[in-house]
Amino acid sequence: MAQEVWFLTLPGVMALDLTGPAETLKLAGDMFRLRYTGPQASVISSTDMTIGAIEPLPETLPAGSLLVVPGVHDSRVCYDTPQAETARRWLRRLQPLIHAQQITLICVCSGALLAARADLLDGVQCTTHHEVLARLKAAAPAALVKENRVFVEDRGIWTSAGITAGIDLSLHLINRLCGAQKALEVAREMVVWFRRSGDDPQLSPWLRYRNHLHPAIHRAQDAMIAQPENSWSLADLAGRVHVSPRHLARLFRQYLGVSVREYHEQPRLGIARQRLQQGEGAEKAALAAGFSSARQFRRARQRQKDQLTR
């Protein structure tokens, strides 16, 4: 019997927050039955697309249902409407079933803010898009908000970061509910070769630590990203960007808050994870990314996880 998935569809819904998870789950075949519900029969999405045939909010949901709360394009505006207030009250009525884990709550991006307003995240580990983390903390002071996570699960409540993270989370749910092979088949169909896990950072290793304007650091980063498997000693990099090794180390600490070695590990970890996702063994993936062994790769991955949980 197909598992019912209900998408709470509000005016201003972020189109990819809705269609990304929906398409992902649909590609799993007859495992899921998708339904769309909300306070009004049709809405205009973030892309000005009209979404119609939306079912009225039911009094309750069947046990075992998945309830997806997509984000909206401007949560300051879209969550301050009569429709959002109706949805908030409806979510609050479902609170006992959600906290009893009879209904699985899945929040994509700013959808976590609406769940917070419905008092669903108190005492719950959760996350959201990095730009609205502060507002999530303000909306739910008792929530255990985690920063820089792709998705987080706590007692049947799933929250994820922005937009494409909803696809990552959906693939993870398919893996959990339908098996690894089905998740891999869906990922290949979608040409999503790099399925991120919940512990992965929201920004890819090729984009992290690039929000600065120092040209010497950018040149050093470009060199490491172009050839991450290289050993790249501090002296080699410093010579490449025409500064002293000591000065380059100081620049990385000053502007990025990490050492050159710590930064270099980021693209290496990304490549190793990609190769693991494509079916390579740990040792082969580690060596291809420039690690000396699978053991060194595991240590680097643990260091990254430790940084994320601080």
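Which residues does Ser 160 touch, not counting residues up to four places away in sequence? Before selecting them, note that this is a predicted model, in which local features need pLDDT of at least 70 and side-chain atom pairs count only at pLDDT 80 or more, while totals for chains, interfaces and linings use all residues. Residues are numbered from 1 along each chain as its sequence is written, and side-chain values use heavy atoms, with hydrogens and water left out.

**Stop 1: Ser 160**

Select Ser 160, which is found in strand 11 (residues 157-160); helices (H or I, at least four residues) and strands (E, at least two) are DSSP runs, numbered from the N terminus. Ser 160 has a relative accessible area of 0% and is therefore buried, where buried means under 20% relative accessible area, exposed over 50%, and partly exposed in between (1.4 Å probe, protein chains only). Now display the residues that Ser 160 touches, which are Cys 107, Val 108, Cys 109, Thr 127, Thr 128, His 129, Val 150, Phe 151, Ala 165, Gly 166 and Leu 169, leaving aside those up to four places away in sequence; contact means heavy atoms within 4.5 Å.

**Stop 2**

Cys 109 is buried, with a relative accessible area of 10%, and its phi is near 55 degrees, a positive value in a residue other than glycine. Most residues other than glycine have a negative phi. Then go to Ala 53, in the loop between strand 4 (50-51) and strand 5 (55-56), where phi is likewise positive and near 55 degrees. Ala 53, however, counts as exposed, because its relative accessibility is 77%.

**Stop 3: helix 7 and Ile 174**

Select helix 7 (residues 165-178), whose 14 residues reach 19 Å from the first C-alpha to the last, close to the 20 Å expected at 1.5 Å a residue; the expected span is 1.5 Å times one less than the number of residues. The buried residues here are Ala 165, Gly 166, Ile 167, Asp 168, Leu 169, Ser 170, Leu 171, Leu 173 and Ile 174.

Next select Ile 174, which is buried with a relative accessible area of 0%. Which residues does Ile 174 touch, not counting residues up to four places away in sequence? They are Thr 24, Leu 25, Ala 28, Phe 32, Gly 179, Lys 182, Ala 183 and Val 186. Thr 24 is 150 residues from Ile 174 along the chain, yet their C-alpha atoms are separated by 8.7 Å.

**Stop 4: Leu 16**

Move to Leu 16 in helix 1 (residues 15-26), which counts as partly exposed at 37% relative accessibility. Leu 16 touches Pro 21, Ile 163 and Thr 164, again without counting residues up to four places away in sequence.

**Stop 5**

Select helix 9 (residues 215-226) and helix 10 (residues 234-241), which pack at an angle of about 125 degrees with their axes 9 Å apart. Axes are lines fitted to C-alpha atoms, for helices over the stretch in contact, and angles run from 0 to 180 degrees between N-to-C directions. Helix 9 and helix 10 are therefore oblique to each other, since angles under 35 degrees count as roughly parallel, over 145 as roughly antiparallel, 65 to 115 as roughly perpendicular and the rest as oblique. To see this contact, show Ala 216, Arg 219, Ala 220, Ala 223 and Met 224 of helix 9 with Leu 237, Arg 240 and Val 241 of helix 10.

Bring in helix 11 (residues 245-255), whose axis comes within 10 Å of that of helix 9 and crosses it at roughly 100 degrees, so the two are roughly perpendicular. Here Ala 216, Ile 217, Ala 220, Gln 221 and Met 224 in helix 9 meet Leu 248, Leu 251, Phe 252 and Tyr 255 in helix 11.

Finally, keep helix 10 and helix 11, which pack at about 90 degrees with their axes 8 Å apart. Their contact is made by Leu 234, Ala 235, Leu 237, Ala 238 and Val 241 of helix 10 and Pro 245, Leu 248 and Ala 249 of helix 11.
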